[in-house]
Structures are given as C-alpha cells and as structure tokens.
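This note concerns side-chain pairing and helix packing. Please read the points below against the sequence and the model.

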Amino acid sequence: MEETNREAVATAVQRVAGMLQRSDQLDKVEQYRRREARKKASVEARLKAAIQSQLDGVRTGLTQLHNALVDVKDIQGSLADVSKDWRQSINTIESLKDVKDAVVQHSQLASAVENLKNIFSVPEIVAETKQLIEQAELLQAHRKLMDLEFSRDDLMYEQFRMDSKNASDMSLIHIYFEDVQSLSDELAKQLWNVLQRSMGAVRRDPTMLVSVIRIIEREEKIDRRMLDRKKQTGFIPPGRPKQWKENMFQVLERTVNTRIEGTQSETRESDKMWLVRLLELTRKYVLDDLIVVKNLMAQCFPPHYNTFNRFFCLYHQAVSARVQELTSEDLEANEIVSLLTWVLNTYKSEDMMGHPDLRSGCDVSYLEPLLPQDVVDELLSKYVQTFTSNITGWLRKALETDKKDWQKDTEPEADQDGFYQTTLPAIVFQMFEQNLQVAAQINVGFKEQVLKLCLKQMNTFLIRYKEEAITYKEEHLRDRQLPQCYVQYMIAIINNCQTFKESINSLKKKYSKSSEPTASDASIERTLNEVAKEGCQFLLDEVFLDLELHLKELLTRKWLLGSHAVDTICVTVEDYFNDFNKIKKPFNLEMTSEAHRQVVVEYIKAVMQKRITFKSAEERREGADRMIKEAEQFKFLFRKLTAGEDTDRLCDSIAAIAEVFKLTDPTLLYLEVSTLVSKYPDIREEHILALLAVRGDATRDMRQTIMETLSQTKPSYTGIAQPVFRDITVPSMTMTSMTSMATAKLLK
C-alpha cells in the first residue's frame, strides 16, 4: 500500500511539473486545480457505481441460490412420493399383463383383417403377377408383388411382436407366401434382362428402361424403411434388403464387360490384322455407347445416379482390363506397336474418349492410364528386342540380295544424275523409315530410342558391307574376267556410301529434335569413308593391273628406243575414268588425285629401279626429252580429268628429274641436284644416288661430294601438301652398292 502511495505521489509530482514548466502557466494554477478536482469527482462517481453494481449482482445471485435450494427440497419430496406410488402400483401392473396380451392379439387380428383380402387371394394374385411379368408389364407386376410382400411382412411382424420365438407360426406364414419370393426373383431376372439390352432398347423405346429404374427406386425405399424398423424392433422380412440398385450396377458392369469382350471376332491365324480390327471395333463400340449414354440413357436415370460418369468409368475399367489381357498374349512387334499406339494416343484422342460430344461430361485428363507404366516399358522393351532381331535379319537379307546383283552381266541402274547405284540404300532406309514412323506414333522418346537403335544397327551393317566389298574384290582378282561389270558395281558401292550419308542425315533431321551427335555417328562416318576409299583404291588397283606391263617398259632400253607405253597408259587411264565419272563427289575428285599421284609415283619408281643406265650424253638428252614430253602428256591427261585444276606439281617432278639427266656439264650436277631437292624436300639420299647411277657419268668422288654437301644443307619437308618421293623405295641392291660411298641418311 505504501509503495502504491509513493508511486501515486511521484506520478502527481510529475504531472504538476509538466503543467508548470513556464512562468505564464502560474496564472492558470486555479484553473488546473478545478479541472483536476472535476476529474477526481468523476472517477470517484464511476467507482461508486461499479461497486454498487457488483453488490446488486451478488445480492441477486444469493437470492437465486436460495430459491434453487428450496426447489431442490421440493423435488426430493416429490421423488419420494413417486417412489412410494411406484412400489404400490407394481402389483397392479402385473395384473394388466393379460390386457397387454389382448392388445397385441388385437393388433395381429387387425393386421390380419386389413390383409384379409390379399391373404385369401394370394394364389390368384401370384398367377396374375406371373402373367404380367411374362407380358413385360413390369410396373403392374411390381405393384401386385409389393401388395403381397406388404401382407406377408405385416403378418410376420405381428407374429414377431407377439412371440418372436414361435418359429412354427413364422414358418407357416413363410410357407403360405413362398411363391412371393420366386415372383420377386423372376421380376428381378426380367429387370436384369432389360438392363442388359438397355443400349439397344433405349434407342428404340426408353419406356421399359424408365420402368425398370422406377421399380428399383421403389425397392430401395422399401429396403431403407425395413432397415430402419430393424434397428428399432430387430425384425426384418425375408429377402430384405434386396439391394436391387447395387445389383443393377453390377449387371451394367457385366454388360459393359461383355460388350468389350465381344469385339474380338477373329484371331491371328485367320487374319494378320486381327488386333487392328479388334482395337478399331472397341473404339467404335465404346464411342457409340457413351454417346448413347450421354444423350439418351442418362435421361432415364435419376440425376443423383451421375449416370454418364458412372458409365464412363465402367467403360474405362472394361477397356483397361481387356487391354491388359491382350498384353499377356505373345504379341508380335507390329502388334505391340498397334496396341501401344492405340493405348497411348488413340484412346484419349478426339476419336474416342476425348470426342467433342463427350467432353462436357468428363475430362479425359483425369482418367488413369489404361496400362501401368511398367507394362508399357515391358512392351517397349519386347518390341525393341524383336525389332533388333528383325532388322538384323532384314539388313542381312538386303545385303545378300545386293551381293547377287553384283554378279550380274548388266550394268547397275543410274540415278537422275547418271551416277551408278544399287537399290540397297533405298531398301535399308525404307525399312528404317517405316519403323521410325511406327515408333513416332507411340511417343517422341521412343522414336528417339528407335532412331539410335537404327543407327547402331547401321554401324554394324556397314562393317559387314565393307567386308563384303573386300571379298568381292578378292574374288574378282582370282578371275579378272568375272564378274563382267565389276568396275560398274564397285562404283555403285562407292556411290552408295554417299547415299547412306545423305539418308542418315535426312532421317536425323526428320525424326530427331536433338542436334547432338549420337554414339554411332562418328563410327558410321568413319566406316563409310573407309568403304568408299577402299572401293576407290580397288578400282585404281584394277587400272594399274592393266597398266602393269606398260609401266615395266618405262625407263628401259625399249622405252628409250621409242616405246608407246605412256601413250597406252594415258589411253587406258582415260578409258577407265570415263566410267569413273559415274562416281559421286567428293570421291571422284579424290580418286582422280590419287590416280594422278600413283601414275607419277610409278613413273619415278621406274627411274629409281635403275632399269637403264645412260651410256652417253646423247642418250641422256634423248631420255630427258622423252621424260619431259611424257610429263606433259600426264599433265594434259589429268588436267582434262580434273576439269582444269592445277596438277602440275606432281608431273613437274618427272621434268625435274629429267633436267638432272639432261645436264651436259657434270661439274654443275650439284647445282641441279640442289634445285631438285629444294623443289621436293621429301627426296631422300638413296633417291639421289639412284638418279646419279642412272645418269651413268657421276664419279665416285662426285657422288660422295654431292651427298656430303646436301646432308649439311638438307631442307625440311614437314607439311608438304603432295609428297612425291616419300613412299618410293629404292631396291636394296642399289643401296648395297652405294654403301661404300656414303652413310645412308634421310634428307628431311
């Protein structure tokens, strides 16, 4: 309390100090005092009012508690009186048991009287009801059936109330009305028959279906009423609850399943397209039925049945079950694709469940997949295995067919540009195209997978293609007369490589969205280049086999005296290249360049083999002039074959060697050799020694001086575009004879 007083005083001092901070506020002290006095009086008045209110509430509460206490005492007294009266009336109640039994008996008799008419006419009503059922007058039949059931149930209920343990009387009633249950079963059978035919019946006359639904709704109400009474009394009539509504949906579900299962009318043995036909029939049946349900049948059912959604789900479940049955069969590759295409694409498309006429009723996006993903993956895996096996066989067969064509006596066909080709690339890529089109129907990811598989198989196939081309060449070498069109078909093999490249690029652009190279791209490119280059080399080998005798005449005495070997070589090469013009770019250009290089190399080899040694300056001059002339012949030939491209460097090497032979002053031989080495840095020491040996007038000291000097100033030939001497070897005999002159060194 003291602490509170101190806080109040401190607060008051603070407020007064705040009011009297300036000297002019002293004049308002009286005004401040009166204002604070008014506030104090107001607070005191509110406090008094609050305390008075609380006191009044306490007073009222005490009064109510007192009144309640008085009431409790009165109730205790009344309960004591009631207890006393109850004890006194027990004997009276027991004496009324006979009255109670009489009341129950009266109730039973009243029920019997009420149903007396039906009880006596049960056989007649049963017969009438049977007749009505047979005549399909289902509503009237059901009305009479309900009358019979009500009579039976009321009698049994009253018997249950009177003596629930009296089984004999209950059984007597049940036996008397035993035909009622058979009538109920017969009527139910008719209802289910109508429901089973509802798809067709609703198109002609929906009245019968509406009657069936009304009957089922009546029975549902009776079921609910009987179940409620069972909760209160423990009694329920026989055969209840009938649950006809639940049975109705089971019948409809079986009907839907039967319609889906009935779509298969053919097997694989009778028709290879059995699955396609089955799926198309299923699509048509489901779509037609759902449109009928939405536009006609749904109007026959109460709205709360949500009829269209229910049928939509029933058909989905039935189709899903049927499709899963199909997956368990041993499906072929094309059947797997047909099934998956239908499941993944057709089913939810506008051609079926997503049809515009069905959209307003259900959203297909909420449907569960027809097949679990693991089943889809298993089918795709099976298809890939089958496809891999099939395409391996197809490619092998296509290659065997192409190999048979290689043996023909007629030239292969030419494309629109005149280039030789076989049908192999078209057959191979037609197979790939067909399978990729099929894969694209399933989904994009699977299409990419099949494309990679095709390229992988293509890589393996090309390796085999390369081996067969080598075998083809080896068989030809055993008898060069066979096959007659070896050159033309080897050209077609080379051209096929370019066609394969173009077709692969076309497939990738068409069926792959990814620009990234696949694992097979580099290997395919490498193999195709190898096949083409080896094919070109095989053709050049064919050319040089025909030139072999003429090449052997070069730089011999016969050649010096006037041989026509080079003339024959040029004519033969030009004749072959008339056929080689049927080779596609860039292989024809590469082949021409290689032929040019090889002709020059063979010519220089003839020089290095020292087939002739000039005996005089006159022979050296004649030989050199002939070499220069023949170099010009080669230039003219290969300019013609390469459409005017620069071909001089290779042929100039022959002329440069001729200048070494043509030199008349041996003392200047070093300068001429130095010029040759500067133009062709890849020339080696043994080449120079061979040239000097062919020249015939270079002394041992001169050769040694030239070689020592060149070895000190040898130029580098790294990076030369067209090396000439690099692959030319000098016979070992020449090297042995020159060992004593100089140590063998390479001029690099």
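1. Lys 584 and Asp 415 form a salt bridge through their side chains (4.0 Å, N to O); a salt bridge here is a side-chain nitrogen of Lys or Arg within 4 Å of a carboxyl oxygen of Asp or Glu. Lys 584 sits in the loop between helix H22 (565-580) and helix H23 (587-608), and Asp 415 in the loop between helix H16 (373-406) and helix H17 (424-442), so the pair ties together parts that are 169 residues apart in sequence. Lys 584 is buried at 10% relative accessibility, and Asp 415 is buried at 15% (buried: under 20% relative accessible area; exposed: over 50%; partly exposed: in between; 1.4 Å probe, protein chains only).

2. The model is predicted: local features need pLDDT of at least 70 and side-chain atom pairs count only at pLDDT 80 or more, while totals for chains, interfaces and linings use all residues. Residues are numbered from 1 along each chain as its sequence is written, and side-chain values use heavy atoms, leaving out hydrogens and water.

3. The structure holds 45 salt bridges. Among them, Arg 322 pairs with Glu 325 (3.0 Å, N to O). These two residues are 3 apart in helix H13 (residues 307-327), and therefore separated by about one helical turn. Arg 322 is buried, at 10% relative accessible area, whereas Glu 325 is partly exposed, at 38%.

4. Helices H5 (residues 122-134) and H8 (residues 178-196) pack at about 10 degrees, their axes 10 Å apart. H5 is therefore roughly parallel to H8 (angles under 35 degrees). Helices are DSSP runs (H or I, at least four residues), numbered from the N terminus; axes are lines fitted to C-alpha atoms over the stretch in contact, and angles run from 0 to 180 degrees between N-to-C directions.

Conventions:
Parallel < 35°, antiparallel > 145°, perpendicular 65-115°, else oblique.
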